[in-house]
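Let's take a walk through this fold together, strand by strand and helix by helix. Keep the viewer open as you read.

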Amino acid sequence: MLYNDKDAALRRRARRVVPGGMWGHMNADKLPEGYPQFFQRAEGCRLWDVDGNEYIDFMCSWGPIVLGHHHPEVEAAARRQEALGDCMNGPGETMVELAELVVDTVAHADWVQFQKNGTDATTVCVMLARAETGRRKILLARGSYHGAAPWCTPSLAGVTAEDRAHLIHFEYNDVASLDAAAHEAGEDLAGIIVAAFRHDVGRDQEMPTHAFARRCREICDAKGTALIVDDVRAGFRLHLGGSWEKVGVRPDLSAWSKSIANGRPLAAVTGTDRFRDAATKVFSTGSFWCEAVPMAAAVATLNALKREDAPARMEKTGKMLRDGLDELSRRHGVPIRQTGPVQMPLVLFEDDPESHKGNAFCSAALRAGAYFHPRHNMFLSTAHTETDIGRALEAADAGFKAVKARGAAPGPR
C-alpha cells in the first residue's frame, strides 16, 4: 500500500502558486494512478517519495543518473570544487580538464563547448550547421524529440510558423523518405539532425539501421552539410565514444547532456575541426553555463564510466530485466513488446493504444516497489544490481497480475 497524504497536500499548495501545479515532462498528473509528484531523497538505484514510499528507480531522473544517485566519487569531486568556487566570473580550471577528457572520449570530437540543458546543445548544433554552411534547411525525423525550444518543442503553444519555416521532415530509418527530404532542401541544406535511435514516446523504439546511418553520412558529405547526432538521451549508455559508433558512422556535431555529470546540470556540443571556426562566431552563452561544480562532477562521471565499463554493465542488467519481463509475460499470458537497447528499456502492451494496460501494470508495480513508465523509455544505471532486478521483477509480477485481472473483469476495459 502506498501512502500519499503529504504528496497530495504539496500538490494542493503547488496549484495555488504554480500554473497547473507542475509543468513539462515531470508532471505526475500525466502518469498512472498513485505516482508521486514530490520526492524526499534518492540513493543508488532507490528513490523515496515525500511520504516515505521506497521504489527501485527505472527512470533515473529521466536519464541523468547513470552511476546511481549519490555516487561517492562524483559527490566527492563536486564537494571539493564547491569548496573552491562554482559560479564565478569565468570557468574554473576544471573546464579545461573536462574538455580534454571529452575530446579524448568521444570518437569524432576535435573540440567541445558546454551548455546546461539538452535543448541548449541541440539548438547550438543547428546554429553551428547554419553558420558554417550559410544555409537554412534542417532535416529531422517526424516525431523525434530534440528539446523544448520553439524550433523543436512537441507543443505548438506559443510557436509560430516562422519558427519552423526551414525544417523538413523524414521518417526515421526510411532511406527513401530521407532522400526525398534532402531533394526538397536542394542547395539550401544546412544539416541533418537525427536521434541516436528512434525513441518517440508511446511507440516501439528502433535502432538506426546501417543503411539509414550510412545514407545520412553520404548526403552530408555530398552536399557539404552537417550530420548532427542528438546523443542527449542515449549518450554514454550505449557506447562511450558516441552512440553511432555501434553502426560505424561518425557525425560532424553531437549534442550531449543527461548522463554527462550524473545528475548535475550540464550539456555539451562536440564537433569536428570543420566547425571549429563557426563555434567561435555563434554567440551562445548563459550565466550558469560555466559553473565549475557540474564540470568537476562530469570529470568524475566520465572517469567512472570508463573504469567500470558502464555500457556493458548496464547491458547485462538490462538484458536480465528484459528476459525476466518476457518470462513473466509468457507465464501470465499477457503479450508485451520490448524494443530498443536494453540499457534504455521500453515496455508496451499489445492491443493497448490508450495505455490502459500499461497504466494498470505500472500502478500495481509501483505499489510493489518498482518505478516504471508506461509509455516513455526507461533508464538503467550502473547502480542496478542483479538483486535489484530480481526485486523489480517481483514487482512486475504484481503488475502483470493486475493487467490479467483487468482483462478478466466484466464491463469496459
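Which residue in E8 is the bridge partner of Ile192? It is Leu227. Keep in mind that what you see is a predicted model.

Seven strands make up an open sheet with the order E4-E10-E9-E8-E7-E5-E6, and the pairing is mixed. At its edges you will find strand E4 (111-115) and strand E6 (167-170); each has a single partner strand, so one side of each is left without a neighbour in the sheet. Between neighbouring strands of this sheet the average turn is 20°, direction ignored.

Helix H4 (residues 118-133) lies across E4, strand E5 (137-141), E7, E8, strand E9 (253-256) and strand E10 (267-271), and H4 runs at about 165° to E9. H6 also packs on the sheet, where H6 touches E6, E7 and E8 and makes about 165° with the direction of E7.

Two packed helices are described by the angle between their axes and the distance between the axes. For helix H5 (residues 175-185) and helix H6 (residues 210-223), the angle is about 20° and the axes are 10 Å apart. Because angles under 35 degrees count as roughly parallel, H5 is roughly parallel to H6. The crossing of these two helices is right-handed. On the H5 side, Val175, Leu178, Asp179 and Ala182 take part, and they meet Ala211, Phe212, Arg215, Cys216, Ile219 and Lys223 in H6. Sorted by class, this contact holds seven nonpolar and three charged residues, and no polar ones.

Another helix pair is worth a look. Helix H3 (residues 94-105) packs with helix H8 (residues 292-307) at an angle of about 35°, their axes 9 Å apart. Here the crossing is left-handed. Among the H3 residues in the contact are Leu98, Leu101 and Val102, and the H8 residues include Met295, Val299 and Leu302. By class, the contact of H3 with H8 has ten nonpolar, three polar and three charged residues.

Let's turn to another sheet. Four strands form an open sheet with mixed pairing, in the order E1-E2-E3-E13.

Our last stop is a hairpin. E11 and E12 form it with six residues between them, and Gly340 in the turn has a positive phi of about 85°. Strand E11 (residues 336-339) runs antiparallel to E12, and four bridges join the two. Ile336 stands opposite Phe349 in E12. The aromatic pairs in this model come to eleven. One of them joins Phe349 to Phe361; this pair is tilted, at 5.4 Å centre to centre and 55° between the planes. It links distant parts of the chain, with Phe349 in strand E12 (residues 346-349) and Phe361 in helix H10 (residues 356-367), twelve residues apart.

Conventions:
Residues numbered from 1 in each chain as written. Predicted model: local features only at pLDDT ≥ 70, side-chain atom pairs only at ≥ 80, totals over all residues. Heavy atoms only, no water. Axes fitted to C-alpha atoms, helices over the stretch in contact; angles between N-to-C directions. Parallel < 35°, antiparallel > 145°, perpendicular 65-115°, else oblique. Left-handed = near helix turned anticlockwise from the far one by under 90°. Contact = heavy atoms within 4.5 Å. Nonpolar A, V, L, I, M, F, W, Y, C, P; charged D, E, K, R; others polar. Pairing = 2+ DSSP bridges. Phe/Tyr/Trp six-rings, centres within 6.5 Å; stacked < 30°, edge-to-face > 60°.
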